[in-house]
Amino acid sequence: MLTNKIEGLIAAPFTAFDPNGELNLDLIPAYYQSLKKNNVKGAFICGSTGEGVSLTFDEKVQVLKAWTALTKADPDFALIMFLGGTNVKECKQLAVISQQEGADAISFTSPYYFKPANVQQLAKCCQEIAAAAPNTAFYYYHIPVLTGGNYNMIDLLEAVDNMIPTFKGIKYTHEDFMDFLSCLNYKNGKYDMLWGRDENMLSSLVLGTKGAVGSTYNYAAPLYNDLIAAYNQGNFEEANRLQQKSIDMIRLLGKYGGIATGKAYMKLVDLDCGEFRLPIANMSKENFELFKADVAALGFDSFKSIN
């Protein structure tokens, strides 16, 4: 079981597809090596960036096994498997397999069709799923912009404390800094709070976060490692500059259609992950050429991940 708190960057990998939209598992070894070369400390697979909601159960298992084959013997790389958030029974089944295959941690988010009536009901879901993998660390994934699960996470910590032995912490993808700080401080920092908004990393560092999970760490990890180093050295002007560079880079995601633009960035670091599945719209070839020009204007080559 993952016992230490995570420090540094955890990438949220894209799930690679071939030209026919089927899994391209052959890319995963090169993907893993790229993350290692860029001082990324782990991977949060099959999450939002990884299109977990667009994968079948069998596909999730295939992706899990492809990653754990590489990571289970690597004590310096934490693999977190996202189980889902709608079908609790399926999440339990996937939790069992995750433990069997050697994942370091599992994660679950709020059901978003039939929503829990309150935090106590959400805690019951977490408890039942975590119990299916009693030797594996459990993280709750808080992303209310997608789930509609607008619960205060400090209330969830109070509900699960001493209720779920494997509850490790929260992947916090939300802008409520008051709630986040309260979670960081709960019981003298008992739980691992992983920041999930790349464009707000500097603000989270000020509050005291040590670990973060994000999609842009797949292709721009050096930028964020430099940002963290600048902050830790007290060079706040440089940290500010690097955070603005991150914001400028992320704004291109919106300009060119949203989350699928991340896979366009991956092509620029020589890891072609294919396209997103429906209902996500993908970038046209014409827009890709315009995108490359915009990326070059940012000086992307100066901070992009290496292979």
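User: How do you know that the span of helix α2 (residues 57–71) agrees with what it should be?

Analyst: The expected span is 1.5 Å times one less than the number of residues. With 15 residues, α2 should therefore span 21 Å, and its end C-alpha atoms are 21 Å apart, which agrees. Helices here are DSSP runs of H or I with at least four residues, and strands are runs of E with at least two, numbered from the N terminus. This is a predicted model, in which local features need pLDDT of at least 70 and side-chain atom pairs count only at pLDDT 80 or more, while totals for chains, interfaces and linings use all residues. Residues are numbered from 1 along each chain, and side-chain values use heavy atoms, with hydrogens and water left out.

User: Which residues of α2 are called buried, and what do the buried residues pack against?

Analyst: E59, K60, V61, V63, L64, A66, W67, T68 and T71 are buried, meaning under 20% relative accessible area with a 1.4 Å probe, protein chains only. The buried residues of α2 pack against α1 (28–37), β2 (42–45), β3 (78–84) and α3 (88–101), where contact means heavy atoms within 4.5 Å.

User: What makes a set of residues a nonpolar core, and which residues have the most contacts inside the largest one?

Analyst: The set must be buried Ala, Val, Leu, Ile, Met, Phe, Trp, Tyr and Cys residues joined through side-chain atoms within 4.5 Å. The largest such core has 97 residues, and W67, F167, Y219, M249, Y265 and F291 have the most contacts inside it. Helix α9 (residues 217–232) gives the largest share of this core, 10 residues. Another core, of 15 residues, lies apart from it and includes F44, A78, Y139 and Y141.

User: What does Y265 touch?

Analyst: Leaving out residues up to four places away in sequence, Y265 touches Y219, M249, L252, L253, F291, V295, L298 and F300.

User: Why is one space called a cavity and another a pocket?

Analyst: On a 1 Å grid over the protein atoms alone, a cavity is a set of points where a 1.4 Å probe fits but cannot get out, whereas a pocket is an open set with protein on both sides within 12 Å along at least five of seven lines; lining residues have an atom within 4 Å of a point. By this rule there is one cavity of 30 Å³ or more. The largest cavity holds about 80 Å³, and among its 13 lining residues F14, T15, A16, V63 and W67 lie nearest its centre. The largest pocket has a volume of about 800 Å³. Of its 34 lining residues, S48, T49, I143, L146 and I259 are the closest to its centre.

Notes:
Buried means under 20% relative accessible area, exposed over 50%, partly exposed in between (1.4 Å probe, protein chains only). Grid points are joined across faces, edges and corners, and a volume is the space filled by probe spheres set on the points.
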